[in-house]
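Please read them with the structure open.

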Amino acid sequence: MLDNSTTEIDTVSIQHILNKNKTKMKLSLKVCAHCTMCAESCFLYMIHRKPEYMPSYKFINTIGKIYQKKGNVSREFLEKARDLVWENCVLCTRCYCPIGIDIPSMIAVGRSICRSQGIEQRHDK
Amino acid sequence: MEISNIFSSALLYNLARGPLVWISFLVFFAGSIFQILRILSLTKNDERIGIQAKDSKNKKKPAKEKKKEAILSWFQQLKLTIVGVSPIMIIVTTVFHICLFVVPVFLLAHNIMLDDAWGLSIITFSEKTADILTIIFLATALFFLLRRLFVGRVRSITSLYDCFIWIIATAPFLTGFLAYHQMFDYRTVIVLHMLFGELMLIAIPFTKFTHMFFFFIFRFFVKSEYSLGKGNRSWY
Amino acid sequence: MVKSERKPIEEIKDSIKGYKNILNIGCGGCSSVCLSGGQREVNMLNAELNTLFKAENGSQKIDGYTIERQCNAKYYYDLPEILLNYDCILSMACGAGVQLAAEIFSNKPVFPAVNTVSIGIDRDIGMYEEKCRACGQCVLGYTAGICPVTRCAKSLFNGPCGGTNGGGMCEISNEIPCAWHDIYERLKEQNRLDDILKIQPVMMWQNQVQRTTIQEPYKERYGK
Amino acid sequence: MKSGSNLEKVLEAGHFAFTGEVGPPRGSNVEAVKKKARYLKGMVDMVNITDNQTAMVRMSSWAASLFVMQEDLEPNFQMVCRDRNRLAMQADILGAYAHGIRNILCLSGDHQKFGDHPYAKGVFDIDSIQLVALIKKMRDEGKFLGGADIDTPPKLFIGAAANPFGDPFEWRVHRLAKKVEAGADFIQTQCIYNMKKMREWIHQANDMGLTEKTYILAGVTPMKSLGMARYMKSSVPGMDVPDEIINRLKGAEKKKQAAEGIKMACEQIEEFKEMKGVAGVHLMAIEWEHKVPEIAEQAKVLPRPVMN
């Protein structure tokens with residue numbers, strides 16, 4: 001079922017990026033216990049104290065959802081994802097995960113998917 | 001036939017305690033090996049990531065410097081780790097996972113069955129200990145559930161799937177507990193217990209439970225800032 | 001990115017002597033990436049310092065706060081209010097961050113807690129290699145992507161000196177590869193040796209005065 | 001004549017050149033310099049005055065050169081890129097020339113790490129090849145590096161060093177070519193022990209026509225003892241000491257090792273005299289200046305030609 005707003009999104013190139021990182025990403029998404037123990041390791045979470053700054057929240061709601069929808073996401077979705085992977089994350093690569101998930105690389109894939117659709121970091125904010 | 005009758009039927013009972021046990025163990029072990037190999041295949045035993053620096057090849061190990069006397073006691077250092085950040089969570093999760101493993105493995109009843117089948121058994125807890133551990137397990141599981149439902153940040157990333165996984169993990173213990181105490185219809189409860197246990201075994205390699213392998217491989221064998229071992233593997 | 005390492009604890013402690021309430025500001029940028037001054041290091045340093053303070057007389061106290069990047073004023077939004085309760089700042093950012101913090105909070109003393117080491121790459125977790133000295137006149141094009149200014153101990157531009165040791169190592173250490181040996185080998189492989197047969201003229205060093213970089217599209221805006 | 005130095009004249013006239021070396025003292029002891037110089041008087045065509053050799057602080061090269069001149073010896077002012085930026089270099093060149101110094105040797109310099117001030121800031125503003133080009137520009141164009149005209153340009157005979165042994169070997173002759181192209185009038189090589197490699201290198205230089213454009217003086221350092229040979233092999237950067245040298249010294253009695261060392265050096269000099277492309281020998285008798293007359297005698301390079 002295709003959403004109308006996905007028409008301007010190049011799903012094929014998103015899927016290409018998804019496939020390139022498939023095994024690692026899917027496995028990481030699968031094993032995440034949703035325990036939220038990563039929260040305090042993010043200094044942005046410590047400043048804002050909002051779930052949207054939790055490392056797990058950031059990857060589950062970007063790359064996680066994109067995998068779930070197999071790349072069929074709307075521009076609005078990616079614009080929201082942009083804020084999660086750029087505004088809410090500086091990719092300082094210091095997130096703690098009790099299970100050992102490589103969160104920064106997931107955020108990085110989220111960024112490259114956004115970029116592939118011309119959705120880039122906002123500098124005017 | 002009423003639902004309760006299905007679960008107390010002899011057919012299901014025999015199925016659950018016979019072939020289904022073997023099938024679930026088979027699936028569990030085969031699936032586990034598959035998952036472990038798959039996870040390992042995602043990493044490589046490489047000294048360095050990316051282009052190798054020429055010096056890295058013939059770099060001698062530097063002589064060990066005298067370790068500076070630590071300012072912080074071991075306890076203070078521990079407090080700086082995740083243990084200090086989320087102490088309750090760490091204690092609860094540790095207890096939860098230990099019980100999850102030891103209760104079924106060292107349970108007397110399970111070992112008697114093992115003995116019946118193969119004539120071998122391992123040390124077991126007394127029934128009373130097992131009972132207490134089960135209660136502790138159920139309490140920690142309840143803690144997780146409440147946390148999932150009522151702590152905002154946890155709820156923000158909770159889906160139905162998480163609840164489903166929680167049920168699979170908790171149900172064998174709950175039904176085992178009920179069966180041991182002969183609450184409700186024993187026959188129904190024990191069948192449910194067996195079915196849930198088998199479901200969990202099958203689920204381990206293919207669901208979120210896979211973090212059981214992922215944890216050991218990534219925290220001990222893959223190097224990262226937080227690795228617990230001297231891992232020298234890295235993501236490819 | 002910029003690589004830095006923490007100063008010895010004695011030096012840090014000595015620098016903030018006499019200040020009661022200290023705020024340790026971490027940086028989520030480079031010093032966080034190179035494990036020298038992110039939130040975790042802030043917590044670690046503070047724990048150590050507070051332990052030492054307590055052991056002495058307990059009149060000093062240090063707290064921590066980590067911001068996105070200390071080299072950009074827009075990330076300082078929370079700090080003015082927080083700083084009302086503190087009489088000095090310890091910064092775990094690189095030299096650039098420390099200076100901006102000192103400029104923004106010019107009424108408060110700012111002390112560095114890390115030594116800025118280099119512009120480098122991440123060779124491995126906790127292992128960084130210097131790669132660039134920001135000389136402002138990049139020569140990597142003819143040196144096969146190997147910087148002679150950084151990697152050659154004598155910053156030579158026209159080939160290896162006479163000191164190279166066996167196996168292509170630098171004269172200063174048998175464990176440091178000779179930059180020019182590597183340049184030669186890589187260019188040979190790429191069949192580009194002509195690049196270094198020409199005599200390279202002297203460098204016009206660009207890093208001898210403080211530089212302000214204005215990108216081309218912004219030149220008009222800043223009236224340059 | 002580019003400079004009119006004694007060395008230039010000797011080489012121009014086609015004589016086999018023989019040059020020596022003196023290290024300035026670690027202090028202001030004038031007599032020490034002069035004493036060392038006196039041993040070399042009449043024995044060599046020119047004497048190199050080292051410049052903070054091995055990065056140890058010593059009397060400055062140009063100052064020691066002046067004292068050597070007072071002893072009627074022609075100095076070769078060594079200049080390393082480690083200690084001076086382009087301003088100081090040009091200033092020293094002008095001053096040295098004004099005082100009558102006519103030869104200069106351009107070197108990168110040992111890294112400061114080896115010396116007594118290991119944490120000094122190494123200048124390395126320009127490298128040795130660029131220094132050669134700089135001096136050539138001052139001499140031939142009469143211009144500073146910055147382009148301004150020089151009132152009375154320094155007419156120096158420009159030297160550069162070469163190490164035929166450093167890695168990568170194939171590159172070494174190209175580096176020589178760059179130095180020649182930059183304007184090196186003469187080349188003094190690193191101490192040579194590995195004659196096989198030296199022959200190969202000279203052969204390459206001949207093939208490339210480099211030996212026609214510059215004079216190559218082969219570096220010779222007599223071994224004082226077995227210990228020195230071992231030290232040179234293991235600890236001196238860029239040195240190639242083959243095992244046969246060590247073995248030959250081992251074969252000699254301890255007391256006769258020095259004599260054996262001198263004998264080996266003389267054999268080398270004999271070979272260099274015949275080697276096409278080698279215009280002379282640069283004898284680096286390190287802290288052994290008093291032995292130079294004996295070596296020169298034994299090497300049959302005396303008497304030195306007197307030019308005018």
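This is a predicted model: local features need pLDDT of at least 70, side-chain atom pairs count only at pLDDT 80 or more; totals for chains, interfaces and linings use all residues.

1. Local features are taken only at pLDDT of at least 70, and side-chain atom pairs only at pLDDT 80 or more. Totals for chains and interfaces use all residues.

2. **Which chains touch.** Chain A and chain D are not in contact; their closest C-alpha atoms lie 33 Å apart. Chain B and chain D do not touch either, with nearest C-alpha atoms 15 Å apart.

3. **Chains D and C: extent.** Chain D brings 29 residues to this contact, and chain C brings 32. The two chains bury about 2600 Å² between them. Carbon and sulfur atoms give 55% of that area. On the chain D side, Asp167(D), Trp171(D) and Lys178(D) supply 23% of the area buried against chain C, more than any other three residues.

4. How many salt bridges cross the interface of chain D and chain C? The rule finds one. Glu170(D) pairs with Lys188(C), and the closest N and O atoms are 3.1 Å apart.

5. Two elements give two or more residues each to the side of chain D that touches chain C: helix H5 (128-141) and helix H6 (169-182) of chain D. The largest share, eight residues, comes from H6(D). By type, this side of chain D divides into nine nonpolar, nine polar and eleven charged residues.

6. **Chains A and C: extent.** Here chain A and chain C each put 15 residues into the contact. The buried area is about 1000 Å², with 48% of it on carbon and sulfur atoms.

7. **Chains A and C: polar links.** One salt bridge is counted between chain A and chain C. Arg94(A) takes part in it; its side chain meets that of Glu41(C) at 2.4 Å, N to O. Please look at this pair in the viewer. Four residue pairs are in polar contact across the interface, both partners being at pLDDT 80 or more. The side of chain A that touches chain C holds eight nonpolar, four polar and three charged residues.

8. **Helix H6 of chain A: length.** Helix H6 of chain A covers residues 103-116. At 1.5 Å a residue, its 14 residues should span 20 Å, and the end C-alpha atoms are 20 Å apart, so the two values agree. Just after H6(A), Gly118(A) takes a positive phi of about 75°.

9. **Helix H6 of chain A: burial.** Is H6(A) mostly covered or mostly uncovered? H6(A) is mostly covered, with ten of its 14 residues buried. Among the buried residues are Ile103(A), Met106(A), Ile107(A), Val109(A), Gly110(A), Ile113(A) and Cys114(A). Ser105(A) and Arg111(A) are buried as well. An α-helix has 3.6 residues a turn, so residues three or four places apart point the same way. The cover over the buried residues of H6(A) includes helix H1 (11-20), helix H2 (22-31), helix H4 (55-68) and helix H5 (75-87) of chain A.

Technical notes: Residues are numbered from 1 along each chain as its sequence is written. Chains are lettered from A and ligands numbered from 1 in the order in which they are written. Side-chain values use heavy atoms; hydrogens and water are left out. Contact means heavy atoms within 4.5 Å. Buried area is the accessible area (1.4 Å probe) that two parts lose on being put together, summed over both. A salt bridge is a side-chain nitrogen of Lys or Arg within 4 Å of a carboxyl oxygen of Asp or Glu. A polar contact is a pair of N or O atoms within 3.5 Å; within protein, one must be able to donate a hydrogen and the other to accept it, and residues adjacent in sequence count only if both atoms are side-chain atoms. Ala, Val, Leu, Ile, Met, Phe, Trp, Tyr, Cys and Pro count as nonpolar, Asp, Glu, Lys and Arg as charged, and the others, Gly among them, as polar. Helices (H or I, at least four residues) and strands (E, at least two) are DSSP runs, numbered from the N terminus. The expected span of a helix is 1.5 Å times one less than its number of residues. Buried means under 20% relative accessible area, exposed over 50%, partly exposed in between (1.4 Å probe, protein chains only).
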